[in-house]
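Please look over the structure shown below before reading the notes that follow.

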Amino acid sequence: MARYTWAAPRTVKAKAAWTHISCSLDEAIRWILQGRVHSHTGPDGTVWWTAPSYIQLAVVRARLEADAEAVLQAAAAERRQQAAEQRAAAAEDRRRAAEDRRRAAEQEAQEQRAERERLEGFFEHAGMQAALWPAFMDLVRSASGKTVTCGNQSPAHGGGLLLYSRQHEASAFQLAGVVCPDPSALARWPANLTILVPGWAWLPRIEAAARSPLKVAVLDPVTKRCAYERVGPRPRH
């Protein structure tokens, strides 16, 4: 004989169990004949006699446990679904970011190729390798601390490349310097217009042609060194 006990309040968290009860053989036979108890098989296969109300109580408890387990499983499935969606979204974000970087790199490479083609004549004029031009411009921008853009070769400035800069986004670009002008054009060079050259070998040529004090910025794209020089005309004997 057994009874089902379920502590109050009767929730899934409350303890519940089948417990053995003692009775005489006469009582057991009388209860069975009167239909007050029925045989019941437990989850582990054990068979005992118990009242129908206890069986019903165990069924209610089992349903509560099944419902609670279903809720837990549904919540776990929802969490797994959300985690999978988050992983998929993160993967998509990474894919888009990689695609954006690829497009930006491709666009930058195209712009650099177009710029090299545009400046091909200037590179030949200045004797500068096209591959060093990005490093040279990086030095120009870092040394000036301003937004700098390239213009065209200027015959009026000895075939040098015009550079323009601006202090702020709202301000207009102003002529700031000329890269590698032909020294023969320095005879009437404006005193405040900076000459930019990619190496020290230019200084003797500029000094030999100077007719007035000149501002020269030496920006070496190989060594990444920068220097500013005041070059004046050589004394005449």
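## A charged pair about one turn apart

E92 and R96 both belong to helix α2, which covers residues 52-118, and because they are 4 residues apart there, about one helical turn separates them. In this predicted model, the two side chains form a salt bridge in which the closest N and O atoms are 3.0 Å apart. Side chains of opposite charge can pair when their charged atoms come close. An α-helix has 3.6 residues a turn, so residues three or four places apart point the same way.

## Other salt bridges in the helix

How many salt bridges does a search of the whole structure find? The search finds 8, and two further examples can be described here. E99 forms a salt bridge with R103, with 3.0 Å between the closest N and O atoms, and these two residues lie in helix α2, 4 residues apart, or about one turn of the helix. E99 is partly exposed, with a relative accessible area of 23%.

R118 and E115 also meet through their side chains in a salt bridge, with a distance of 2.9 Å from N to O. They are 3 residues apart in helix α2, which again places them about one helical turn from each other. R118 is partly exposed at 36% relative accessible area, and E115 is partly exposed at 23%. Elsewhere, salt bridges that share partners join E99, R102, R103 and E106 into one network.

Helix α2 has 67 residues and reaches 97 Å from its first C-alpha to its last, which is close to the 99 Å expected at 1.5 Å a residue.

Which residues of α2 are buried? They are L57, A58, R61 and A76, and the buried residues of this helix pack against two strands, β1 (residues 2-6) and β2 (residues 16-20).

## A hairpin of two strands

Strand β3, made of residues 38-41, runs antiparallel to β4, and 4 bridges join the two. Together β3 and β4 form a hairpin with 5 residues between them, and in the turn G45 has a positive phi of about 95°.

Strand β4, which covers residues 47-50, has two faces that can be told apart by their cover: W48 and T50 are on the covered face, whereas V47 and W49 are on the uncovered one.

## A nonpolar patch on the surface

L25, I29 and L33 form a nonpolar patch on the surface, and together they have about 350 Å² of accessible area. Of these, L33 is found in helix α1, which covers residues 25-33, and L33 is exposed, with a relative accessible area of 72%.

## A proline after β10

P233 is placed in the segment after β10, a strand covering residues 225-231. At 39% relative accessibility, P233 counts as partly exposed.

Which residues does P233 touch, if those up to four places away in sequence are not counted? They are E207, A210, R211, S212 and P213. P233 and L214 are 19 residues apart along the chain, and their C-alpha atoms are separated by 8.8 Å.

Technical notes. Residues numbered from 1 in each chain as written. Predicted model: local features only at pLDDT ≥ 70, side-chain atom pairs only at ≥ 80, totals over all residues. Heavy atoms only, no water. Salt bridge = Lys/Arg side-chain N within 4 Å of Asp/Glu carboxyl O. Buried < 20%, exposed > 50% of the residue type's maximum accessible area, 1.4 Å probe, protein only. Patch = residues over 30% accessible without salt bridge, like charges linked within 9 Å, V, L, I, M, F, W, Y side chains within 5 Å. Areas by Shrake-Rupley, 256 points an atom, 1.4 Å probe, with all protein chains shown as cover. Contact = heavy atoms within 4.5 Å. Expected span 1.5 Å × (residues − 1). Pairing = 2+ DSSP bridges.
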